[in-house]
Amino acid sequence: MVSGKAEAGAKNLKVVALINKSAGAVARKGDIDRAVRDGFAARGVEADVRLVEGREIGELSQRFVAENKSRSGHGSILVVGGGDGTLGSAASALAGTDVVLGVLPLGTLNHFAKDLGVPLDLTAAIDTIATGKPVTVDVAEVNGRVFLNNSSIGIYPFFVAKRSTEQRRRGFGKLAAIGPALMRTLRSASWQAVHVAAQGTRERLRTPCVFVGNNFYDIADLGHRASLTSKELCVYVVKQQSWFGLALLPFKIAFGMIDSARDLEIYRAGSLQITSHRRAMLVSLDGEAVSMDTPLNFQIRPAALKVLLPAKKARTGDRS
């Protein structure tokens, strides 16, 4: 819905902004739709700001893409406000199209925005959309579902599901729900027998968790990626170990003490398949837990998503 004039400045720029009304930062910021609309107006940008339910983001993004097909090549921009799950829902519709994603990091953790180099401050993020440059980054997918950060099976999606239960049952925020969810997860955790096929090999493994990242996560800092354009998945399979070792794992991750030889099997590949005796498995996608039929087929989609970065980062190629 916009003429692609972001590169020449914000003059005459028009955007549609979809904001997840349940995102972590939305309640804290109060009248968020007005703040976003006024922030764009101050930069000469006309913004159609819509507060919507998180589950509507994917459908509305698909509708936006369909409505803007006739403008293909003109740099249409869809602004999305929320956390990683919200952005992933939008990316599922935008990947492989000419629509450019503008990121308003309004979630709790905002891993994708951090790895892109998009500022977490709302005012600075609006500046990025008004004056930034579009670059292309990789996305990943499993059984056709796009994810921006990572996907996993085993203990982590179980933890995500328990965290969501604690949030609903006790009215906790995401961070406050982590402690009780982790305790329930460790009490109920089990090892799964899976076959992992990647890089032309196939292995049968017993593991509490398989972690698949869109691009490479530093073992010393599993919450961070230096690049979103390496055109590969990184796969970490947690090796079978004692319950005590499993309980220590989150702390070893947090303090960068993971031993890659003792704790993990590591793969880097363009695609992989995970099979199991189970007909369906609980899978996490950017912090959201969903049930998926097996086998699970993962693949990287190089340079599939266009996203706005601060002009300086786009010029220097920090994430492009």
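Predicted model: local features only at pLDDT ≥ 70, side-chain atom pairs only at ≥ 80, totals over all residues.
**View 1. The pairing of β7 with β10.** This view turns to one pair of strands from that sheet. Strand β7, which covers residues 150-154, pairs with strand β10, which covers residues 209-214, and the two are joined in the antiparallel sense over five bridges. Within this pairing, N150 is found opposite G213 of β10. Strands of a sheet pair in general through backbone hydrogen bonds, and the pairing may be either parallel or antiparallel.

**View 2. The two faces of helix α3.** Helix α3 spans residues 57-67, and its buried residues are I57, G58, L60, S61, F64 and V65. Seen down the axis of α3, these buried residues fall within an arc of 165°, so they line one face of the helix. Turned away from that buried side is the face that carries Q62 and E67, both of which are exposed. The cover over the buried residues of α3 includes the strands β1 (14-20), β2 (46-52) and β3 (77-82), together with helix α4 (84-94).

**View 3. T86 in helix α4.** T86 belongs to helix α4, and this residue counts as buried because its relative accessible area is 9%, where the cut-off for a buried residue is under 20%. When neighbours within four places in sequence are left aside, T86 makes contact with N20, I57, V80 and G81.

**View 4. The largest nonpolar core and V103.** The largest nonpolar core holds 32 residues, of which V103, F112, L116 and L305 touch the most other members. At least two residues of this core come from each of β1, α3, β3, α4, β4 (100-105), α5 (111-116), β5 (133-142) and β18 (296-309), and α4 gives the most, with five residues. Around V103, if residues up to four places away in sequence are not counted, the residues touched are V80, L87, F112, A113, L116, V118, A125, I129 and V307.

Terms used. Residues numbered from 1 in each chain as written. Heavy atoms only, no water. Buried < 20%, exposed > 50% of the residue type's maximum accessible area, 1.4 Å probe, protein only. Helix = DSSP H or I, 4+ residues; strand = E, 2+ residues; numbered from the N terminus. Arc of directions from axis to C-beta. Contact = heavy atoms within 4.5 Å. Core = buried A, V, L, I, M, F, W, Y, C linked by side-chain atoms within 4.5 Å. Pairing = 2+ DSSP bridges.
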